[in-house]
Amino acid sequence: MLILASNSPRRKELLAQIGVACEVIPGTYAEDVPGRDNPEKFVDIQAAGKAASVALRYPDHWVLGADTVVAADGKILGKPRHEAEAVRMLAGLSGRSHAVYTGVALQKGDVVYRHVEKTIVTFRTLGEEEISAYVASGEPMDKAGAYGIQGKGAVFVERIDGDYANVVGLPLCAVYRLMRNAGIAV
């Protein structure tokens, strides 16, 4: 059985969508690492660190680590700390394109397969009232970039270029390829 080194219910649901059963054992990797100025490098380091922190305890199991960030103008937008920050993030994404990066690492013992997926998301122009209403719903508060494409935030998305599942939090096509390369039957 695959171990998912993440507390994300969305990642577990996405794996179930493609028929992959997993046990959730969150990683203990500290998330404040170098590379914050480079979103691609950052998610790669994060995913590998999460997978390794669990793989050390379970060396005979395949462990999947993942990390997703939203980046605009080269800056990482994390989860908003408060409603005012969520409003600022959404206003900054309004009428523009941004990138969603997810790093994935699949590890068993000393064997590691890694990948970083990038998807471009374009928001339509948002009104102040709809931003306020969305933030008041509470949905953006636990989401990188202050929105969830799989929820109410979907109405903000005018276009995506790349893997939709990546924006939700796990690039399924890339994960499937890594699992096949590792010899894991899916």
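Predicted model: local features only at pLDDT ≥ 70, side-chain atom pairs only at ≥ 80, totals over all residues.
**Helix 3**

Helix 3 covers residues 83–93. Which of its residues are buried? They are Glu85, Ala86, Met89, Leu90 and Leu93. Seen down the helix axis, these buried residues fall within an arc of 130°, so they line one face of helix 3. After the helix comes Gly95. The phi of Gly95 is positive, near 70°.

**Strand 3**

Strand 3 is mostly covered: 10 of its 10 residues are buried. Its side chains point two ways. Val63, Gly65, Asp67, Val69 and Ala71 point one way. Leu64, Ala66, Thr68, Val70 and Ala72 point the other way. Both sets are buried.

Asp67 lies in this strand. Is Asp67 buried or exposed? With a relative accessible area of 6%, Asp67 is buried, because buried means under 20%. What does its side chain contact? The side chain of Asp67 makes a polar contact with the side chain of Lys50, at 2.9 Å.

| Partner of strand 3 | Sense | Bridges |
|---|---|---|
| Strand 1 (residues 2–4) | parallel | two |
| Strand 5 | antiparallel | nine |
| Strand 4 | antiparallel | three |

Leu64 has a bridge partner in two of these strands. Leu64 in strand 3 is the bridge partner of Leu4. In strand 5, the bridge partner of Leu64 is Leu106. Ala72, also in strand 3, stands opposite Lys75 in strand 4. Strand 3 and strand 4 form a hairpin with two residues between the strands. In that hairpin, Asp73 takes a positive phi near 55°.

**Aromatic rings**

A pair of aromatic rings is described by the distance of the centres and the angle of the planes. How many aromatic pairs does the structure hold? It holds four. One of them is formed by Phe123 and Phe156. This pair is tilted, at 5.8 Å centre to centre with 55° between the planes. It links distant parts of the chain, 33 residues apart. Phe123 sits in strand 6, while Phe156 sits in the loop between helix 4 and strand 7 (157–161). Phe123 counts as buried at 1% relative accessibility. Phe156 is also buried, with a relative accessible area of 2%.

Phe156 has a further ring partner, Tyr134. The pair of Tyr134 and Phe156 is edge-to-face, with 5.0 Å between centres and 85° between the planes. This pair, too, links distant parts of the chain. Tyr134 is in helix 4, and 22 residues separate it from Phe156. Tyr134 counts as buried at 4% relative accessibility.

Which residues form the aromatic cluster? Phe123, Tyr134, Tyr147 and Phe156 form one cluster. Its members include Phe123 from strand 6 and Tyr134 from helix 4.

Note on methods: Residues numbered from 1 in each chain as written. Heavy atoms only, no water. Buried < 20%, exposed > 50% of the residue type's maximum accessible area, 1.4 Å probe, protein only. Helix = DSSP H or I, 4+ residues; strand = E, 2+ residues; numbered from the N terminus. Arc of directions from axis to C-beta. Polar contact = N/O pair within 3.5 Å; in protein donor to acceptor, adjacent residues only side chain to side chain. Phe/Tyr/Trp six-rings, centres within 6.5 Å; stacked < 30°, edge-to-face > 60°. Pairing = 2+ DSSP bridges.
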